[in-house]
Amino acid sequence: MNNLQGFLVFALFGASCSMIGPRDANTSNADLKGQHTVALTQGGQKQELNGEPIETSDWQEARGSILRTFAFRALEKNLVEEARQYLSEACEINPNDIACHAALARLYLAEGDHQSALVYAERASIVAPDNPEISMVYAAALAENNRLEEATATLETAWEAVESNPLFARAILTHYSAMGETQEAKDFVHRVMMEDPTHATSWALAGDLLLSEGDLEAAGESYRKALEIDPNPPTPASIELIIGKTPPGQDPL
């Protein structure tokens, strides 16, 4: 598992489903049957609920969301096989469910099944080519399958749509570092700094690069400038003592 892969696999699910509330204890089955009459029309293309037509795609989306939630709960209990089955079923039900495809791709990446990860990541990318989070997953899968140039192109294209996003910027820098492309990493940081030297992301990214090169003093100065602009960007633990930043309530010594 390379650094970019590890950077991605800990954020498996970005969406949750709405759960149906409990039924009123005074409501009989007959009442429910009368209130919620569901029937398939000829051809199975639409359903009716209370006389209103419901598209099949709506049912697919709802069921996929529920399956994704079941998968998340299974992972919380370390039931990886069950989670995989839930996600696979959701992907089969709705080929356009990018959340389930991306989550399953991440799961396969974490397990080291890079080819399967690429299959699902690519499907999600085809449906949502401009989604930055999908691009990150797709790039990770490409990199793990030794399609490094395509991974780089995917990340750089997505960066144009999400400039100044700290998470994505660091993902690109990690990608270059994982491939040993030191000069490309420096060029990327230089380009970001030239485009927007007043943004916290630019200085934080420079700090990341300097820290990877072992220049703690210069890295500390970059992080200080980033925090002066925006106190929210995460700071590596190895540099927090240098810049005098400590978690609330913790003894700095």
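Q: How far is the sulfur of C91 from the closest cysteine sulfur?
A: This is a predicted model, in which local features need pLDDT of at least 70 and side-chain atom pairs count only at pLDDT 80 or more, while totals for chains, interfaces and linings use all residues. Residues are numbered from 1 along each chain as its sequence is written, and side-chain values use heavy atoms, with hydrogens and water left out. A disulfide is a pair of cysteine sulfur atoms within 2.5 Å. The closest cysteine sulfur to that of C91 belongs to C100, and the distance between them is too far for a bond, at 5.4 Å.

Q: Is C100 buried or exposed?
A: Buried means under 20% relative accessible area, exposed means over 50%, and partly exposed lies in between, using a 1.4 Å probe and protein chains only. The relative accessible area of C100 is 0%, so this cysteine counts as buried.

Q: How many of the 14 residues of helix α5 are buried?
A: Helices are DSSP runs of H or I with at least four residues, numbered from the N terminus, and α5 covers residues 98–111. Its buried residues include C100, H101 and Y108. Helix α5 is largely enclosed by the rest of the structure, because the number of its 14 residues that are buried is ten.

Q: What distance separates the end C-alpha atoms of helix α5?
A: The expected span of a helix is 1.5 Å times one less than its number of residues. For the 14 residues of α5 this gives 20 Å, which agrees with the distance between its end C-alpha atoms, 20 Å.

Q: Which kind of aromatic pair do W159 and F188 form?
A: Rings of Phe, Tyr and Trp (its six-membered ring) pair if their centres lie within 6.5 Å, and planes under 30 degrees apart count as stacked, over 60 as edge-to-face and the rest as tilted. The rings of W159 and F188 are 5.5 Å apart from centre to centre, with 70° between the planes, so by these limits the pair is edge-to-face.

Q: Which helices does the pair of W159 and F188 tie together?
A: The two residues are 29 residues apart in sequence. W159 is buried at a relative accessible area of 3%, and F188 is buried at 1%. Because W159 lies in residues 148–159 and F188 in residues 182–195, the helices tied together are α8 and α10.

Q: Which residues have the most contacts inside the largest nonpolar core?
A: A nonpolar core is a set of buried Ala, Val, Leu, Ile, Met, Phe, Trp, Tyr and Cys residues joined through side-chain atoms within 4.5 Å. The largest such core has 50 residues, and its largest share, eight residues, comes from helix α7 (residues 132–144). The residues with the most contacts inside this core are W159 and F168.
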